[in-house]
Amino acid sequence: PLKILLPLFSLALGAAAALLFGPSDRPSAAVAASTPPAAPVLVELFTSQGCSSCPPADRLLERLDAEGSVVAVSRPVTYWDRLGWKDTLARAANDALQDRYARRGLPGAGVYTPEAVVQGSAAAIGSDERALRRMIGAAPSDAALRLDGGRVVASRSAAGAELRFLAIAHRASVDVARGENGNRTLGYTNVVLAEAAVPCPASGACAAAIPAAIAGQRGADRWAVLLQDRAGGRVHAVRWIGRPAK
């Protein structure tokens, strides 16, 4: 019941915010001029093909990806499938991650769409460009990830953290036949298709090769890795990684 009620309540909050602040698909001069982060920042958009409020947030994520200063990914959720259209890109793992963020009590977090979570540390309505860019500019980053041969190496030991590898489809287009977005074609950016975590050791360097299942994920044409506290904790670092060797 909580999982159903929270999205409805949060969507109402999102609609009220849109009326008050008027976020649009085009950034204002002040928003567009915001300072980019010094290191890549992770932006995760929880979205759904069954959510009529989500397309503006999906388009904002596309623009952020094109700017190149963030690792922006789409995480479609399943809980709106009951409205008459089964999301063709949704994963239950995305639902579970959003639940973990909500239970941690992040500022702005909940179980709703569209929700953008920045660096696992704060959240906002995914179409609120001003709030989202402000969070990106202030996002904490206290580590770095480098490639060493076929391995990813964290700049510091990170007990209680993990290297999380993501297999991603850069672009996806879906013809939605029913539900709130019925008879519309929706576009998505950097859809997470699969992920796998490698726990960091209690001491010493945190390093791992991309898991074979992620490297070979069908439909993937991009890959990313992040250093994150376990159980949906704070993100310490994130970066794109190249196409894995076959």
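In what order do the three strands of the open sheet stand, and is their pairing parallel or antiparallel? In this predicted model, the order is β5-β6-β9, and the pairing is antiparallel. Strands β5, covering 145-148, and β9, covering 207-209, stand at the edges of the sheet, and because each has a single partner strand, one side of each is left without a neighbour in the sheet. Averaged over the sheet and with direction ignored, neighbouring strands are turned by 25° against each other. Strand β6, made up of residues 151-154, runs antiparallel to β9 and is joined to it by three bridges; R151 has A209 in β9 as its bridge partner.

A second element of the model is the packing of two helices. In general, two packed helices are described by the angle between their axes and the distance between the axes. For helix α3, which spans residues 55-67, and helix α5, the axes come within 12 Å and cross at roughly 35°, and this crossing is right-handed. On the α3 side the contact is formed by L60, R63, L64 and E67, which meet E129, L132, R133 and I136 in α5. The residues of this contact divide into four nonpolar and four charged, with no polar ones.

How values were computed: Residues numbered from 1 in each chain as written. Predicted model: local features only at pLDDT ≥ 70, side-chain atom pairs only at ≥ 80, totals over all residues. Heavy atoms only, no water. Pairing = 2+ DSSP bridges. Helix = DSSP H or I, 4+ residues; strand = E, 2+ residues; numbered from the N terminus. Axes fitted to C-alpha atoms, helices over the stretch in contact; angles between N-to-C directions. Left-handed = near helix turned anticlockwise from the far one by under 90°. Contact = heavy atoms within 4.5 Å. Nonpolar A, V, L, I, M, F, W, Y, C, P; charged D, E, K, R; others polar.
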